[in-house]
Structure formats: structure tokens, C-alpha cells
Amino acid sequence: MTTEERVPVLRVEHLTKLFPVKKTKLRERQKYVHAVEDVSFEVYEGETLGIVGESGSGKSTLARTILALTKPTGGKVFFRGQEITGFHCRNRKQLRSQLQMIFQDPYASLNPKMKVGPAIAEPMLAHGLAKNQEEAKKKVEELLRTIGLQPEVYDRYPHEFSGGQRQRIGIARALATQPQLLFCDESVSALDVSVQAQILNLFNTLKKQRDLTYIFIGHDLAVVRYISDRILVMYLGKVMEIVPYDQLMSPHSHPYTQALISAVPEPTTAPRKDRILLTGDVPSPVDPPKGCRFCQRCFKAQPVCFQQEPEMIQVGPDHYVRCHFAKEVAQP
Amino acid sequence: MSRYLIRRILRGLLTIFISVSLTFFIVRAMPSDPVSLMVSPQMTPEAQQAMIEAYGLDQPLLVQYGKFLVQLFQGNLGTSFSKHIPVTEYLLQRLPWTLMLLGAVIVLVLGIGIPVGVFAARHRGKWGDRVVSVMVTLGISVFIPFISFLLLYLFAFRFKVMPTGGAYTPPKGEGLSYVLDVAKHLVLPTVALAVTNLANAVMYTRNGMIDVLHEDYIRTAYSKGNNEKQVILHHALKNAMIPTVTVIGLQIGVMVGGAVVTETVFSWPGVGRLIYDAVNALDYPVLQGAFLLLAVAVVVMNLITDLVVAWLDPRIKLGGK
Amino acid sequence: MAAVVEFKNYSMGFKDDDGQVFNLLDQVSFQVVPGKALGIVGESGCGKSMTSLSMMRLLPSAAVVQGGEILFEGKNLLAMSDEEMSKIRGEKASIIFQEPMTALNPVLTIGKQIGEAIQLHHPEVSREEIQKRVIQALEEVGIPNPETRIHQYPHEFSGGMRQRVMIAMAMINHPALLIADEPTTALDVTVQAQILDLMKRLKGTGGLVMVTHNLGVVAEICEEVVVMYAGRAVERGTLKEVFDHPLHPYTKGLMASIPTMSSGKEPLHTIPGTVPTVYDFGPGCRFADRCEHCTQRCRQQSPPEKQVGEEHLVQCWLSFEGEENADA
């Protein structure tokens, strides 16, 4: 696909979300958690954009801010060309059906006292996608079959299912409103390895069947790489890199991405390359460092990194890196 | 830390001020008149009027309030209507007795409540725990006057092993025999007053302990080679006591002035008894003084409780970082 | 070489509220050799954590030992008195848990918590000496400024630092056996890499048991592997044998279903169904319901453990090249 053919489904411009930190002294400068800061990207029709990051990277907050589950501090969000920032628009309800989220723990998002069938039917009825209970039930049963469950489970309660099955129900409920863009927030992180593969395959099958676009958020780089077409790497609220999945291991990658890749323990007996070991833990997103967000832990850091924040630099087709030394690598 | 203390003390003073002001007006809103109680019909009208003026009762309420505040800042709580002595002196006579009673209650509550709570937690679900649970339920639900009268009836009248009331057998003795005599008088009111608190202490310690014993760090403690006794003493108790201390601390503050019923039943010459007498005599200054004392006690105990809890739990930062 | 720990047909289960016992670990056998690291891998409910807790005799109260032996330096742990066991814990055998956030006592200083391990087993050591050793141990696990850190409380440490503290605490008496139960699961990837690096360096002469669901972590650290499924050690052997030539259909399926950094975009291999719980175990192979090679015999009879190659055992009814009955 060339750039001209691609239609952005979602465009995010300079999106920022700061959470004020509770002040403990009377006269104190207001501090903020820089959860998401100046994040810009596009998601194209039919692709899976992976968002990867460690704790405090702001990957979940980013999704919540886009979906107006929390109010953005700044920036804009466009869905199919229309500005939808904070969902302050007339077709709010329609947006809610077109943009759906699948959570890490589907059990927490399912009402334990409600049978799963009606729970899935509820959004259908609310968004007028089914005229009455009977039609909804029929549609839900069909949906259950699509996601690999027997239609008979319609009358069961969430606690009667295993983790993998519950995740399937979570997916069914998200699909009930016939969304176009699905946010998967750590949707397979809580699952056993053997079940995780089933759900990942299901995501890919559904994508083809229903022309879906995904934003897949995770902390497991191998999983995110597998499912995504492009990957957005976040660190302390900022985008460090946007990279096509097959360029992830390229030498042009951001030092943080390189360290992340190097840190993934691979289930193989092949001797591994020398590991890039970062020092220290992920710093707190409250009062992040002045220069590059990654400067304190970066193995390539120079004085300039502590002074000045680098811009996003294009280092290849669809490949952007926020690093002072990115250009050098890109154009030798 | 010092900043925190200053802030806490200022807030405490505000609390005390509000409580004292409320008391001032509530006392005066009582549906009877102290004048009628104080002045006897035998007095000449002039003498009656002089007395009313002496106590300032002829002035408008707000003026009385202003005067009261001015006096309060000077440390003067006024003169008792009924005893005709300064309220401060009157209170100070009574306070030691209440403190003695409270001290005994605290010793009893912590000394018995915590070990029993720990015992119940260790034997959770077994018969020992069940017996304790029944006792706790009884202890919490019992009506204090009832237990007071029951104790009096059983030990003072039936078996005649305990004195019926007062703090000592008159005339006031000296030396060891006096101490023993007071101690003997102290037993029944202490028990009566301790029952509910003891039950609470047992319950909070037990529940706290059961929660704590399920924590991961208890497993870590065992994994280092601690035996059960060491785990409970060195790892669990400090954590488990945090809720107990919070609850007991607050209750004790209230009890300084709140032991009215118990002190009255046992004729214990403490602040509670004083409040009872003052209400009967509509002795405004004494009531105000007693409630001031109560407010101070609650504020102080709050502060002490917070300090103790902060000492037990380093995660609590006094006043934040 | 004499094993540090040897499981011999060890079985345990859980008692429910009515007193009925459900078997979990069934006839588990393996050994841990000094200087080597053994990985115990499996998914949730496979009994890997119960295996590690059994070695320390720290099982929850509902657990019931149903048979077999756990030999620690030749002595059966299961027959020891509580007192004897307390002497082994923290001195000869230590354990590191998954959650560094909750595994340390919030109201005691780090120094006191680490020092306690010395104090309990070596009461003759002076306070100054204990402090010196604690500071040294913290230095070894890479905690900066240990002199000030020992006076701090757990909440003043980050997750990665707490796990370092746990390691220092477990290693302080140089135990013959170190058990690490999912030590990096709660940590960020970059911090996990640091902790794994640290554990590799400190492995030393004792035996290490690494309990994890992450095959990558096992590949990183271990020389030997036990693959557990639903309470049984379905396959065990050297890392190379098991990872390069997996035999059991479960091990094979598991390996194939993990996306790696070099996976293509084709659909992942999947194992159908879900991990069974103790209430669903049948009389035969516990993997039978999800196995593509399942036969009638698999459902009815528990499979034998077969020796395939010198250091490779597998519990399966399938035939393998060069197999021998392990019991023979």
C-alpha cells in the first residue's frame, strides 16, 4: 500500500493528558502526571496499530483519552475526518458504537448478575441495531458463534466461564454495536499462553471478516509485533517511535525500542546477542526529565539529550524516531 | 513534622472553640432557669438581684457570651453556681480520678484485648475463637448501666466482696492501705467501663490479625525461618494493631467526659459524675468547663492516636512529603 | 552429583469446605542439582507454585499432602518437625515470590528484614556484623547507597528495587537451594532483564528453581526444565532436549503458540479448549481433552513416564523413538 491510497480512520494531533498531583503543601508549584503528552499519529483503514510501553508510558490513558473516557488537556482527535475531541459532537452516541474498547479483565467489565446474552444484547438495543428482544437474541447467538462459543451460553452468568471464554464474551459485546475501530487494551495479557494464541487468532479472523481496524495496546513486545502492522512505542507519555512491524529490529530504531527488544526473553536455546541492560526503573511520569524522556536510562545519551527534546524524525517509509541521533543513522 | 503539629494544633483549637461556643448556647437553651434553683425564697429581693448580677445572668446572651470568651482566654472558667468555687479548681479536683479510671481501663483493654484478639485469630473457626466471638458480641451489645448495676448487685450486695461506691472508704486513709483501698474501689467501675472497649479491642485485633496473617509478607517471614510465635510478634502484631489503636484511641478521648453513667452509678468522684451533678444543679460554668475539657481530650487523643499510628505504620507520612 | 532437592512421586491436593480432597500434583518426580538451574514451567493451575511452596513446606492450610517424598539433601522434608523445617527455611533453602510489592513487611525497615534472616539462624553474629553483611548484600544486588537504604521502608523502593531486596534477603545465608516463584512477572520488561541478569550472576554453586509461565525466562536462565500440566510433570529433561526436541503434545503446542520476535504473520498454532481445574480432572491423561492425538486409552489410563534419550522424560501414551519405560 502506498501512502496515497491509505485513508486515515483516526487521526490524533498533539493529544495531551495531564493529571494534577494532589498538593501536600499550601504553597507549592502544581505538579502534573504527564500521562500523555503531545501524541500525534494516524490509524489507517484496516490496519492494526500496536501501542507498546512499560508502566507509566501512558498507553492506556491514551486510549481512554481518545475515547473520551477522560477529558483531554489538549490536542485534537479526528474520526473519519470529523473532529471528535472529547466526543463534544452531535453524533456522540453513534461514535460510542463505532469506537469500542476491549479490556484486560473482561470479568471486571461484565455485570456478574447479568446473563451474558442479555449483556451482549443490551448495547445492540441501546444503539438501535436490533428492533426488539427477539431480534437481538438472534443476533447475539450468531455473534457468539462467530467468536467461537456455543449459542447455548446465552443464558449463563459470567462466573461460569474461564478466562479465555470471558475474553471472547468481552469481544462479542464490543462487536455487538458493529464498531469500525476497536481498542484492545492489554486484551490478552491476563490469559494463559495457550489461550492467548486462540484470542490473537480470533482478532485476526474478525478483522478480515468485519473490516475492522484495531488499536492494540500491550506490554509484551512479541505479541504486539505479531498482531500489528505498525507499532507505536511510548515512553513516559511520549511517542518515541512509530515503526512498521518488519522494521522493528532495524538498526534505525530508537535506543529505547532496541533495549525493549533486547530485554524480551526468547523461548529458544539459540545463543543470544549481548543484551542491552538499562539502568534503573522506569522513572515517574510526574515531572519527567527536561530533555529527551529517555535520557536518564539511554545507553547512547549525550549532553544534548539532557538539554533538548528531540523531534520526530523520519528514518524510513512510515518509520519515525524521536532521537537526536536518528538522522545520522538514517542517512549515512 | 513540626509544621504538621502546628497545623493539627490550630485545627484542634478551632474544634475546641466551636464546641465550647455550641455548649455555651445549648446549656442556656435548657428549659429551666438556674436562678430559681440558686436563689432561695427566703432571700430578700435585693439579695437575689445582687446574686443574679454577680453571676452576670441579667445581661443579654451575647454579652454573656462575649464575657465568657474573654474570661476563657484569660484561663478563667468562671465560678461554680452551686459550689461557689472556681470551675478550674473544681475540675482539677475531679480530673485525676477520671484519669485514674481511664488508665485502668486502657491497661485492661490493651492488656487483655490484644492477646485475646491474637488468640482468636490464631484459632480462627475453632471453638476458642467461637467462644471469644460470642463474648465479643455480648460485650458490644451490652447496655452499660445494666452491666454496672449487675456488677454492683453481684459483688457489692450479694457477695459483699467489693465496695458499693466512691473512690475510697472515708475517712481518707494514708499509705499502702489507702492505695489498696482505692484500687479496690477502682475495680468495678473499670470493669463496667472496659467491657465495650475490650470487646471492640478484641474484635479489631482479631480481624486485623486474620487479615494480616494472609498477607504475602507473612509467608516471606515464615520462609526466612521464623516460627509462628516469631511471625506473630515481629511481623504481624504491629500491622494488626493499627486499626485497634485507631478505634480505642478515639473512644478514650470521648470517655474523659463520657463516663457519666458509670461514674454516677459507682459514685466515682470524676468528671463524669461532676457533669451529672452540674446538670442537676444547672451549673452553667461547670458544664461549660466540663465540655471544654471533653473537647480538649478528644482533640488531644486524636492527635496522640495519629502519632501512634504513624509510628506503627511508616507509610503514613504526617502532613505529606 | 547428589541432588539438593529430589521429588519422589510427590502428590498433593486441596480439601474443599466439605473435606473432600481434590488431587492436584500427581506423582511428581524431579531433582535439582547443585550449581544448576531448573525451570518449572506451566500455565495457571498447573501446580507449579504449589510445587515450589511444597519445597519450603509453606502450603496454604487447605492443602493436603497425599504421598511421596521430598528429599532435601537426602532427608525427607515431609517427615521433619516444624522446628527442623524452620531451621532449613532461610538458611539452606530460600524463596523469592512474585509480588515484590506485597512480599515485604511494610512496617519494618529493609535492613531489619534482611538482617533478620541472619539473626534467626546465626544468633551469635553481632549487630554491627549483621549490618555490614546486609549492606554488602544490597551492594551485590545492585542497590545504590545501601548505607542509607537499610534504614528505609519497602514503600520507598520501586518494584524492581524491592525484588532486588528480596533476592538479597534470600541469598544472605548462601542457601543450597533458591526458589524463585515468578520473580519477574510483576515487573516491566526492561527491569525483568535486569533481574534475570542479576540472578544469572548470583546463581553460584547452589541449586536454583525457577518457577514461571514464561518459556523465555526459562530459556534465559535454566539448564533443566520440567513442563507441568494440570498437576503432572508431563515432560522433563535438559533445556536443550526439551526446547529443541519437545515430545509431549502439550509442550509442542505450547512452544508453537507463543509469538516470538521472529514470528511471521500466519495464524498461531493453538491448543483448543482451556486449562482444566482440579474439579475437571479425569482418570486418564489430563491433557486428553485438548490433545490432537487423544485415544480411548488416553482418557482412561494415566500415561506412563517414558525415558527418551539420556536426559529426557515424557509422560505420554504416544510412542517415541528410543523410548524406555522410566520405571524399569
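A residue is buried if 20 or more other C-beta atoms lie within 10 Å of its own, exposed if 12 or fewer, and partly exposed in between, with C-beta atoms placed from the backbone. The model is predicted, and local features need pLDDT of at least 70, side-chain atom pairs count only at pLDDT 80 or more, while totals for chains, interfaces and linings use all residues. Residues are numbered from 1 along each chain as its sequence is written, and chains are lettered from A and ligands numbered from 1 in the order in which they are written.

**Exercise 1. Is P144(C) buried or exposed, and where does P144(C) lie?**

Step 1: find the place. P144(C) sits in the loop that links α4 (127-140) to α5 (146-149) of chain C. Helices (DSSP H or I, at least four residues) and strands (E, at least two) are numbered from the N terminus.

Step 2: count the neighbours. P144(C) has 11 other C-beta atoms within 10 Å, so P144(C) is exposed.

Step 3: From the C-alpha atom of P144(C) to that of A37(C) is 28 Å, and the two residues are 107 apart along the chain.

**Exercise 2. Which phi values do Q27(C) and H174(C) have?**

Step 1: recall the background. Most residues other than glycine have a negative phi.

Step 2: take Q27(C). This residue is not a glycine, yet its phi is positive, about 50 degrees. Q27(C) belongs to strand β2 (residues 21-32) of chain C. With 19 other C-beta atoms within 10 Å, Q27(C) is partly exposed.

Step 3: take H174(C). Its phi is also positive at about 50 degrees, although H174(C) is not a glycine. H174(C) is found in the loop between α6 and β7 (177-181) of chain C. Its count is 12 other C-beta atoms within 10 Å, so H174(C) is exposed.

**Exercise 3. Describe the build of chain C.**

Step 1: list the elements. Chain C has 11 helices and 13 strands.

Step 2: check the overall dimensions. The C-alpha trace spans about 65 × 50 × 40 Å along its principal axes. The radius of gyration is taken over C-alpha atoms, and the globule rule is 2.2 Å times the number of residues to the power 0.38. For 328 residues, a compact globule would have a value near 20 Å, and chain C agrees with its 21 Å.

Step 3: look inside. Of the 328 residues of chain C, 52% count as buried. Residues are in contact if their C-beta atoms, placed from the backbone, lie within 7 Å. Among contacts in chain C between residues at least 6 apart in sequence, 62% join residues at least 24 apart.

**Exercise 4. How do α6(A) and α7(A) cross?**

Step 1: find the angle. The axes of α6 (residues 163-175) and α7 (residues 193-210) of chain A come within 10 Å and cross at roughly 20 degrees. Axes are lines fitted to C-alpha atoms, for helices over the stretch in contact, and angles run from 0 to 180 degrees between N-to-C directions.

Step 2: name the arrangement. α6(A) and α7(A) are therefore roughly parallel to each other, a term for angles under 35 degrees.

Step 3: see who meets whom. Among the residues of α6(A) in the contact are Q167(A) and I171(A), and among those of α7(A) are V195(A) and L202(A).

**Exercise 5. How many residues does each chain give to the contact of chain C with chain A?**

Step 1: count. Chain C gives 42 residues and chain A gives 34 residues.

Step 2: find the main contributor. On the side of chain C that touches chain A, α7(C) supplies the largest share, eight residues.

Methods: Two residues are in contact if their C-beta atoms, placed from the backbone, lie within 7 Å. Angles under 35 degrees count as roughly parallel, over 145 as roughly antiparallel, 65 to 115 as roughly perpendicular and the rest as oblique.
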